[in-house]
Structure formats: C-alpha cells, structure tokens
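Colleague: Could you walk me through this one? I would like to start with how its pieces pack.

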Amino acid sequence: MAVYKMTPTKANLIKSKSALQFSKKGYELLDKKRTVLIKEMMSLIEKGVKVQEEIQKNFEEAYRALQYANITMGVNEVEELSMSLKKEEGFDILLKSVMGVEIPYIKYEKESISPEYGLLKTNPAFDEAVLKFISIRYLVYDFAQIENSIYKLAMEIKKTQKRTNALEKIQMPRYEREIKYIQEVLEEKEREDFFRLKKVKKKKK
C-alpha cells in the first residue's frame with residue numbers, strides 16, 4: 001500500500017486536483033506538439049528521399065558527361081578548364097522555428113550560369129557535366145538542410161516523448177492516487193463525525 005506524506009485536508013485535495021488538471025493540459029499540449037513534429041519529420045523524410053534520388057541521378061549523368069568529355073577533349077584539357085570554374089557560391093545558414101524547435105534553413109540564390117572558359121575549347125559533353133555538377137551543389141545544400149532538420153526534430157520528438165510518458169505514467173497517476181486517498185480519508189472522517197454527532201444528540205435526548 002502506498003504511503004502518502006501529504007496531509008489529507010480539503011486544501012491539499014484542491015491542490016492535488018489543480019495539479020492533476022495542470023498535468024492533463026500539459027500532456028495534451030505535449031501530445032499535440034509531438035504529433036506536429038512527427039508530421040513535419042515524416043514530410044522531410046519523404047522530401048529527403050526524393051532529393052537523394054535526384055542527387056544520385058544527376059551524379060550519374062554528370063559523370064557520364066565528364067567521361068565523354070575526357071575521351072573527346074583529353075583529361076589534361078578537362079582538368080585545366082575545371083580549375084577556372086567558380087568553386088563556391090555564397091549562402092547563409094538561417095534558423096526557422098517549428099513548434100519551438102530551431103531547424104536550419106540554407107538561403108542561397110541560384111545565379112545565372114555564365115561560362116568562365118572559352119567555348120571554343122569545350123564541347124557539349126563538358127558543358128553538360130558543368131551544369132549537372134552545379135545543380136548537384138544546390139541539391140546538396142537542400143539535402144544537408146533536410147538531414148540536419150530531421151535530426152533536430154527526432155531529438156525533440158524523443159525528448160517530448162519522455163515528458164509525455166512521465167506525465168501519463170508517473171505524474172498523473174500519482175495525483176489521481178493522492179486525490180483518491182484524500183477523498184477516502186475525508187469521507188471516512190465525515191462519517192465518523194456524523195455518527196459522533198448522532199450519539200451526542202441521542203445522549204441529549
């Protein structure tokens with residue numbers, strides 16, 4: 001049998017009922033938060049799979065074009081021209097909030113592609129390879145953003161799950177037991193007072 005340290009008074013009964021209501025509201029809010037986070041994460045997972053497939057497809061096409069350019073232009077010529085290409089493009093890593101969880105958002109602008117090499121020295125295969133690898137760069141930005149967001153959401157879902165479990169399996173049952181215990185003690189006391197009062201009345205008569 002549970003041992004209760006709380007004194008069974010009406011004030012403590014009100015206090016326990018209030019704590020139970022507060023815990024129930026907290027559980028409802030956390031449950032809604034968990035649902036929204038899971039929905040957001042599943043959406044990102046679906047999007048991530050599509051981006052990953054697109055990256056794979058573009059890589060295959062880019063390498064095929066690069067191999068053909070190596071054969072038709074020569075490896076040394078392709079390597080020399082590749083050195084003249086712009087290596088990076090500016091981007092900013094920002095944060096956006098999803099139910100209080102800050103997830104990264106990579107902001108970038110797709111610049112118009114202008115060749116930085118003489119067109120007379122290249123062929124369509126080289127140009128296709130360049131365009132494909134540039135498109136992969138943007139896809140990698142998107143995939144990195146999605147992957148990091150999924151990780152952060154998963155960690156928050158895990159944390160929220162622990163809190164909902166604590167409320168559902170520990171806090172709320174504890175308050176319910178306290179309320180039941182206090183009510184039973186108070187009801188027993190009322191019955192004793194009633195019988196005591198009844199006896200006093202009989203004696204007076």
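Colleague: At what angle do helix H1 and helix H2 pack, and what is that arrangement called?

Modeller: Keep in mind that this is a predicted model. Helix H1 covers residues 10–73 and helix H2 covers residues 75–82, with their axes 6 Å apart. The angle between them is about 120°. Roughly perpendicular ends at 115 degrees and roughly antiparallel begins over 145, so H1 is oblique to H2.

Colleague: Which residues meet there, and how many of them are nonpolar?

Modeller: From H1 come Leu 66, Ala 69, Asn 70 and Met 73, and they meet Val 75, Glu 77, Val 78 and Leu 81 in H2. Sorting the residues of this contact gives one polar, one charged and, for the nonpolar class, six.

Colleague: Nice. Now the strands: which residue is the bridge partner of Asp 92?

Modeller: Strand S1 spans residues 91–98 and strand S2 spans residues 101–108; the two run antiparallel and are joined by eight bridges. Between them lie two residues, making a hairpin, and Met 99 in the turn has a positive phi of about 55°. Within S2, the partner of Asp 92 is Lys 107.

Colleague: In what order do the elements run?

Modeller: The protein has three helices and two strands. Reading from the N terminus, the order is α-α-β-β-α.

Colleague: And what share of the residues counts as buried?

Modeller: The accessible surface comes to about 15,000 Å², with 57% of it belonging to carbon and sulfur atoms. Buried here means under 20% relative accessible area. Of the 205 residues, the buried share is 28%.

Terms used: Residues are numbered from 1 along each chain as its sequence is written. This is a predicted model: local features need pLDDT of at least 70, side-chain atom pairs count only at pLDDT 80 or more; totals for chains, interfaces and linings use all residues. Side-chain values use heavy atoms; hydrogens and water are left out. Two strands pair if DSSP finds at least two bridges between them. Helices (H or I, at least four residues) and strands (E, at least two) are DSSP runs, numbered from the N terminus. Buried means under 20% relative accessible area, exposed over 50%, partly exposed in between (1.4 Å probe, protein chains only). Accessible areas come from the Shrake-Rupley method with a 1.4 Å probe; for residues, only the protein chains shown count as cover. Axes are lines fitted to C-alpha atoms, for helices over the stretch in contact, and angles run from 0 to 180 degrees between N-to-C directions. Angles under 35 degrees count as roughly parallel, over 145 as roughly antiparallel, 65 to 115 as roughly perpendicular and the rest as oblique. Contact means heavy atoms within 4.5 Å. Ala, Val, Leu, Ile, Met, Phe, Trp, Tyr, Cys and Pro count as nonpolar, Asp, Glu, Lys and Arg as charged, and the others, Gly among them, as polar.
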